[in-house]
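Here are my notes on the model, as numbered points. Please read them with the structure open.

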Amino acid sequence: MKNSDHSIDLSISGMSCASCVSTVENALRKIPEVESATVNLATEKAHLVNKAGMTFHTQAILKAVTDAGYGAELIAHNHSLKNYDDESANGTRIVMAILLSTPLIIPMLFNLAGGCWNLPGWVQLLLATPVQFYLGAGFYTSAWKAIKNKTGNMDLLVAIGTSAAYFLSIYMMSQGHEHLYFEASSVVITLVLLGKWLEKRAKRQTTEAIRALQKLRPETARVKRLDVELDIPLQEVMIDDVVIIRPGERIPVDALIIEGSSHVDESMMTGESEPVNKVVGNKVIGGAVNIDGMLMVRTVAIGAESTLSRIIRLVEDAQTAKPDIQRLVDKVSAVFVPVVIVIAFITLLAWGLYSANWELAILNAVAVLVIACPCALGLATPTAIMAGTGVAARHGILIKDAKALELAHKITHVVLDKTGTLTEGKPVLLAFKAVDGNDQSLLELAASIEQNSLHPLANAVVNQLHELGKSPFIATEVRNLAGRGLHGMVNNQIIYVGNQRWMEELGVSIDHQNVAALAFKDAGNTVSWVAQGANENKPTLLGILAFGDQIKQTSTKAIAALHDKGIKTLLLTGDNSTSAVRVAEMIGIDNVLAEQTPESKASSIASIREKDAVIAMVGDGINDAPALAAADVSFAMSSGTDVAMHTADITLMQSDPSLVADTIDISRRTYTKIKQNLFWAFIYNLIGIPLAAMGFLSPVIAGAAMAFSSVSVVMNALMLSKWRPSSKR
């Protein structure tokens, strides 16, 4: 999770339930420079955004959390996940609690079976006291913090309930009663401690995706400086350092290959199972494994700017953010504990006054306090978000935030760019025909204008000229007109290279080549036109260039998968209508909007919007930026540029359009888990609290049910870890 001038992240300790989350958030929001504060119970982290023009004062922020009764620590760029491995201390405490509580529970079970046997009161007191005040000390500490902050939390309920049972037993023992309730207080504390321990172990599994990514960072790198090879710590590697990577080693940095070739396993970052062949000029990603060749690379990104670090931050940001449904839960949790205490008090009075049995009244009130579980409410949403985004990341789907995940399950329309999304994005020049028959001269002029352009069609032209062993001329005053083409000066003549619409705007007569152009278009190819003109004259046509772009093997499957989910598809492209329609027909897309400019793509998305429609746009993140912004959910292919990862809601680390349907699938499954968790968390309390108030549940059973509710919510969310994309099932 990244820190910047506008946001910081904190690790929060001491939270036990959703009410604690509300307390910490309220404390942070009272700080003048804080615009928003979001606290996640499952990750035990807080994300703060500052107000415009204001600067964070770290000490004041940490003090605010401390004053609220919780611990806080600033998370650095290179932080590690909270360590759940060191659980020996908690495990020892639970074993002690079990050993002390077991002798108390055995007589109760014996009595339920029809026997009649109890330990002496003083023995029960000796066994129960260390459980209550030593092993259960944390409940009292947390409860006192809640009281000081005039709030409530789960620990307050446990502290009040078990204390009532414990002191009731002492009172009854002083009156000579043999039947005491020390087992209720001790067993409840033991069960809650056990439940928290199991819950923490389960929560640890929800962070496995990030943990696995963090383990991809090697500790050192072999750097070549002044012709000497040195093994240095990874944090000392600098931009432009030459790094040597031997076969079998993990690549330490993002870099460009300057010598050697090899197959590279990038599966942990991209989800692509097959190794990728890398040669000189190719980029390698830090964290990938060099399989079979020696590589010498030049570092292009380090530290927080590396691809691996950005992936980790994206996953963490998604796991920390709250979807809208969680905000409703937070409002309920804020009043939950006070309401439960009121219900317990009413239960005490009702049973005491109705039956005149105050012993029974206290036990029923204790059961109400113990069975209430705001913890399950607090964990229901974030654990599902963590599990869903984590398993998606393992398969090359990076979901930027919880809002995107929440919206993705509602998608009704998917709009797709053609080049690079449904096609390979690397068009080749199939033909070039000049009006005067001098095809090579036509190619030389077009390549001269396009030699500095990054457009795929321009690269195809220049590559074709190089294959013929020729070099382009020097071009000056070259200008790029988005959605039209380029023009510039070559040999004192203005040369235009662009689409047919631009030629018509310029007044160029295209009759000479129209028949040939139509033939190429009918075959599904893209045609560019080349014209020449002086400043004072209307341009004249020089010839045409025909390009072909291979459709990806997965495109047809991707569209079919979307249709199976009841989603409508639309092809949105700047290419000519004939070519676009042909591609759409080949892969089964419903509708086509062709010859679009970057500006018109956004308005086109607005034009197809229907009532209750949720529209997704799939593009490269730059040329399609207006359309991506206009869509409800935006997908970017990582085969585009690095900007895609920053601008899109969801980044697909493989250049595979079938991952769009997979993203919608994991979103739907995650949202289903959220609803299931919230249903059981709410229904558990709606049923359990009345049963306890009516006297149908003992404190021991209530404690077991409470512990089970939290663990079951986390375990239900963890079932998402079994999800696989359709291509891997």
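**Notes on the predicted model**

1. D665 and R669 sit 4 residues apart in helix α24, so about one helical turn separates them. Their side chains meet in a salt bridge, with N to O at 3.0 Å. A salt bridge here is a side-chain nitrogen of Lys or Arg within 4 Å of a carboxyl oxygen of Asp or Glu. R669 counts as partly exposed, at 40% relative accessibility. D665 is buried, with a relative accessible area of 10%. Buried means under 20% relative accessible area, exposed over 50%, and partly exposed in between (1.4 Å probe, protein chains only).

2. A word on the basis. This is a predicted model, in which local features need pLDDT of at least 70 and side-chain atom pairs count only at pLDDT 80 or more, while totals for chains, interfaces and linings use all residues. Residues are numbered from 1 along each chain as its sequence is written, and side-chain values use heavy atoms, with hydrogens and water left out.

3. Which other residue forms a salt bridge with D665? K565 does, the closest N and O atoms being 3.7 Å apart. D665 lies in helix α24 and K565 in the loop between α19 (555-564) and β22 (568-572), so this pair ties together parts 100 residues apart in sequence. K565 counts as partly exposed, at 26% relative accessibility.

4. The structure holds 9 salt bridges. One of them joins the side chains of K278 and E266 (3.3 Å, N to O). K278 is in strand β10 (residues 276-278), and E266 is in the loop between β9 (262-265) and α9 (267-270), 12 residues apart. Buried or exposed? K278 counts as buried at 11% relative accessibility. E266 also counts as buried, at 8%. Elsewhere, a network of salt bridges links R222, D231 and E249.

5. Strand β13 (residues 295-301) has 5 of its 7 residues buried, so the rest of the structure largely encloses it. Strand β7 (residues 242-245) runs antiparallel to β13, joined by 4 bridges. In that pairing, I245 stands opposite L295. Strand β8 (residues 254-259) also pairs with β13 in the antiparallel sense, over 5 bridges. Here E259 is opposite M296. Two strands pair if DSSP finds at least two bridges between them.

6. Now the cores. A nonpolar core is a set of buried Ala, Val, Leu, Ile, Met, Phe, Trp, Tyr and Cys residues joined through side-chain atoms within 4.5 Å. The largest has 115 residues, of which L10, M15, L28, L48, I411, V414 and F635 touch the most other members. Helix α24 (residues 658-693) gives this core its largest share, 13 residues. Another core lies apart from it, with 22 residues, among them A434, A446, A447 and I495.

7. What does V414 contact, leaving aside neighbours within four places in sequence? The partners are L562, I567, K568, T569, L570, A616, V618, V660 and I664. Contact means heavy atoms within 4.5 Å.

8. Overall figures. The protein has 25 helices and 26 strands. Helices (H or I, at least four residues) and strands (E, at least two) are DSSP runs, numbered from the N terminus. Of the 729 residues, 53% count as buried. Among contacts between residues at least 6 apart in sequence, 68% join residues at least 24 apart. The protein exposes about 31,800 Å², and carbon and sulfur atoms supply 57% of it. Accessible areas come from the Shrake-Rupley method with a 1.4 Å probe; for residues, only the protein chains shown count as cover.
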